[in-house]
Amino acid sequence: MSETMIRPEARTLVLNPRDNTAVALSNLEAGTVTPQGVVIGKRLPKGHKFAVRPIRAGEAVTKFGQIIGFAKDAIAAGDWVHEHNCGMGGADGTLHHDYAFAEGAVAPEMVPVAERATFQGFRRANGRVGTRNFIGILTSVNCSATVAKFMAEEINRSGILADYPNIDGVIPFVHGTGCAMDIQGEGYQIFRRTQWGYTANPNLGAALLVGLGCEAFQIGKMKESYGLSETDTFQTMTIQEIGGTRKMVDWGVERIKEMLPVAARAQRETVDASELMLALQCGGSDGYSGITANPALGYAVDLLVRQGGTAILSETPEVYGAEHMLTRRAVSREVGEKLIERIHWWEDYTRRSGGEMNNNPSPGNKLGGLTTILEKSLGATAKGGTTPLTAVYEYAEQVREKGFVFMDTPGFDPVSATGQVAGGANILAFTTGRGSAYGCKPVPSIKLATNSDVYARMTEDMDINCGDIIEGVSIEEKGQQIFNLLLRIASGEKSKSEQLGYGDNEFVPWQVGATM
């Protein structure tokens, strides 16, 4: 022991008594004796894991009381545990879970209506409530993206928005698809749901839908499918029909000028928290994500659900390996099995694409201490709190059920959030450990830093520091802070990403299938 250095400031955390790993909460130099009595073999960055006892080759590696991988070789106590010695799958290359469908669903104690928290929202004619009041310009195809941008730019240059202070802006939602696709295929159906979902999102007070005219995604067919008609808050046109770019831009600018006073009639009023539909996202995750920000956000989700509100967990590749934690909370076997059906879809999808589910975590995630998708997913699911899983939706489906729900989306944040907004989300919370720069129009996004270092470096981007949980702030206290901020942001306070102007380029519909 004479060659070791005992550092009282060496801080570590064992998350569950069953774990054979601990997390370093500070950088640990080689030779450091940890509070668990083991000697660190090589320098260990904070956020990373080390073995608290010897782990045999092939033995399960555990964190959160769950399996996060299997030892590739024997791991000595005090050794760094990461991708060099910990991999996915058991001896047969797979990991099997007991899904225990609906065995752990316990109904939460609901807050009486008279005692619910409130916020100031925009009540729409159909009864839904928005947290913002934008006018949107949607494009049926990439070929009409430029005219949509020209329309928005001309409105913004004109200064007319200064006359309508309760309108948050005019947004062109441009994208790279809409044609060269199978109109009978899954990708087309996803895109159609996304377009309709944005048009119907309660954070839009009015919308234009503009196209080229000859594209695969026909505006007329979408209107027919959803029973839509032209109104003073919804208008459509194509470049070919009106006679060219300049005429199209002039038409759009005039329609927006007509819509502005109509959309401006909406006024904020007091509504209870049951009208919030919260999208949950995490990006640039690290070893702290599952310890600080995600469980704190999960506590805020539990508060919201008890108020009668809704929270949408997504990013299916990032619940992979932790799906058994969700199936237990399903309100029925049918709901749980629908989640597993989507998991199997992703397994097949990655096989067909020549990939594997463990291609996630990203290099940045791994630098932050995450080793396998199992570990990342166990931390990511903590965002969903503890209440029953009431429904599972496909991408961009309209969310109808209250409470905690799941939507099948990719893990790529802009694509995932686009599906959630199309599903009806009117506010978004985003946890990050590496420092994701993200915003989401028309839905305000709040950023939760998982560690104090990234919060200090990126204070202008981060709304809340959850790193102080490591310093002793309770999960409950931080969760309440998050919930209170959600109410203020929903009432009109600007999030950091809104102050920076993010959100113009984050409309990214999921493209599934071949481009013809």
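Is Cys143 buried, partly exposed or exposed, and what is its relative accessible area? Cys143 is partly exposed, with a relative accessible area of 47%; buried means under 20%, exposed over 50% and partly exposed in between (1.4 Å probe, protein chains only). The model is predicted, so local features need pLDDT of at least 70 and side-chain atom pairs pLDDT 80 or more, while totals for chains, interfaces and linings use all residues. Residues are numbered from 1 along each chain as its sequence is written, and side-chain values use heavy atoms, without hydrogens and water.

A disulfide is a covalent bond between the sulfur atoms of two cysteines. With the criterion of two cysteine sulfur atoms within 2.5 Å, zero disulfides are found in the whole structure. For Cys143, the nearest cysteine sulfur is that of Cys179, 6.4 Å away. Cys214 is exposed, with a relative accessible area of 54%; its closest cysteine sulfur, in Cys179, lies at 6.4 Å, too far for a bond.

Strands (E, at least two residues) are DSSP runs numbered from the N terminus, and two of them pair if DSSP finds at least two bridges between them. An open antiparallel sheet is formed by four strands in the order β1-β2-β3-β6. Because β1 (12-13) and β6 (80-81) are at the edges with a single partner strand each, one side of each has no neighbour in the sheet. Within this sheet, β2 (residues 21-24) and β3 (residues 49-51) are joined by three bridges, and Ala22 faces Phe50 in β3.

Strand β4 (residues 60-63) is antiparallel to β5 (residues 66-71), with four bridges. The two strands form a hairpin with two residues between them, and Phe64 in the turn has a positive phi of about 60 degrees.
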